[in-house]
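Hello,

Here is the structure I promised to pass on to you. Have a look at it first, and then read my notes below.

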Amino acid sequence: MALLRAHHLLRPRAAARPLSLPPSLSSSPCRRALPTTTSSWRLLCSHRTASPPDADGDASPSIVADLLDYLNESWTQFHATAEAKRQLLDAGFTLLSENDDWDLQPGGRYFFTRNMSCLIAFAVGEKYKLGNGFNIIAAHTDSPCLKLKPRSASFKSGHQMVNVQTYGGGLWHTWFDRDLTLAGRVILKDADGSFNHKLVKVSRPLIRVPTLAIHLDRTVNSDGFKPNLENHLAPLLATKHEETAAGSGEKNSPSSSKVVHHPLLLQVLSDEIGCKPDEIIGMELNVCDTQPSCLGGGNNEFIYSGRLDNLASCYCALRSLMDSSKMPEEMSNEKSIRMIALFDNEEVGSNSMQGAGAPTMFHAMRRIVDSLMHQSMGEGALERAINSSFLVSADMAHALHPNYPDKHEEHHRPELQKGLVIKHNANQRYATSAVTAFLFKEIARLHNLPVQEFVVRNDMGCGSTIGPILASGVGIRTVDCGIPQLSMHSVREMCGKEDVDTTYKHFKAFFEMFSDIDRKLNVDF
């Protein structure tokens, strides 16, 4: 919300025996922390096998382990989009290009990416007719973080520092004393003069923002930790100044003001990518926490991770679309188009070509209608389709904090493990209306799924989402909802694993039955 690799549970066995690790764990950062027996509940990293049914007998498999995998792959908005792309291709979706003509067919499943940080995927119902609507779930791929400045190299008292800028409204004090690294994308110049766009992720701890010892800041606990974000937030890369590269001249000298990025940093990146340092001619890198996403709590009921806001919503949307359309019979009676839209830059207002403020989704809807029109001529086909459409704006919600209960409105206090949260705001900071809330809750009622509601206190400001942006920009009915979580915008957030599965079931049911429910309600007559 604006301002694993997975862990798998092993049950205790009758007799303890040595733990056999899968090959994928041999280089895992959690490897050294693993126990040598299964005498109690254990957590393993990097486990991609299908999750078993829930212990309460629910036949639907849990997606929590797969979500943890997705989170551990998706350190940046670019990696989140690339991983979604990989999964869609594996599921049989067809990759489109915005630069090409589209030849779409009823029953087809398609997707495209923009800037490798925004993705739109959709499945066309077999019985789609012109003027029928789109059932859409939208979320965002970005999270508050630190990003490298265009000139990232700086030197302080003999230390190599990395210049960063803040992105979004993060809880920046939580980034201190964390084992941090870099991930994102680079532009490479090939030997033939062409250019190559490539993602990069340095998996080991590379940089750190150390706090000042309390002996040198005696009043920090009484006065509060108030770092200057320009002076005190620069991560430390190394102490030694690297020697000037042979033949590179003054431009790589540590004392030169012309240095753009530390040669040491370029060497680390090139080693990771498998190229020469001078082949890197551009980069867009995020500072990332290296601690893997995992399960935790006394009952292993919580998910501890960075970027839950809003990759948890992204994955629930992605998985629900894939699972609700993977078999031909699942789309054989569908009269509408099922769609997900994952946007970038929500945390900073969505005003970019890859953000929800751009007409990306509207253009996609228009092109889909035009392509499916074929030889038929329908008056106002797109306008009728939009009027029949429905958008679920999915962004994480504020769960009741047990240490700060007074921060919530008395009668609207969403709790962890109690279901998806529908967000309301009379001033349209959320796009939910009585009609859209009813339709979304009706799906939950028919599937016996819990639903909660949130309203901010009158004496507090209210955040917002992409919901109002898309509702007003496209003219589409919208409900704002989210998985309840704690520590929103911290480097390390938490939510309940039951809420993830509940959200997945709610989203999947939305795709499968919304069209039938919507036909039973007539508002403008």
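Nine strands form an open sheet with mixed pairing, in the order β3-β4-β5-β15-β6-β16-β20-β18-β19. The edges belong to β3 (94–95) and β19 (451–455); each has a single partner strand, so one side of each is left without a neighbour in the sheet. Helices (H or I, at least four residues) and strands (E, at least two) are DSSP runs, numbered from the N terminus, and two strands count as paired if DSSP finds at least two bridges between them.

This is a predicted model, in which local features need pLDDT of at least 70 and side-chain atom pairs count only at pLDDT 80 or more, while totals for chains, interfaces and linings use all residues. Residues are numbered from 1 along each chain as its sequence is written, and side-chain values use heavy atoms, with hydrogens and water left out.

Within the sheet, six bridges link β5 (residues 118–124) to β15 (residues 337–343) in the antiparallel sense. Here L119 sits opposite L342 of β15.

**The β7 and β8 hairpin**

Elsewhere in your model, take a look at β7 (residues 145–156) and β8 (residues 159–167), which run antiparallel and are joined by eight bridges. F155 has Q160 in β8 as its bridge partner. The hairpin has two residues between the strands, and S157 takes a positive phi near 50 degrees.

β7 is also joined to β12 (residues 280–289) by two bridges, again running antiparallel. There, L146 has V287 in β12 as its bridge partner.

Enjoy exploring!
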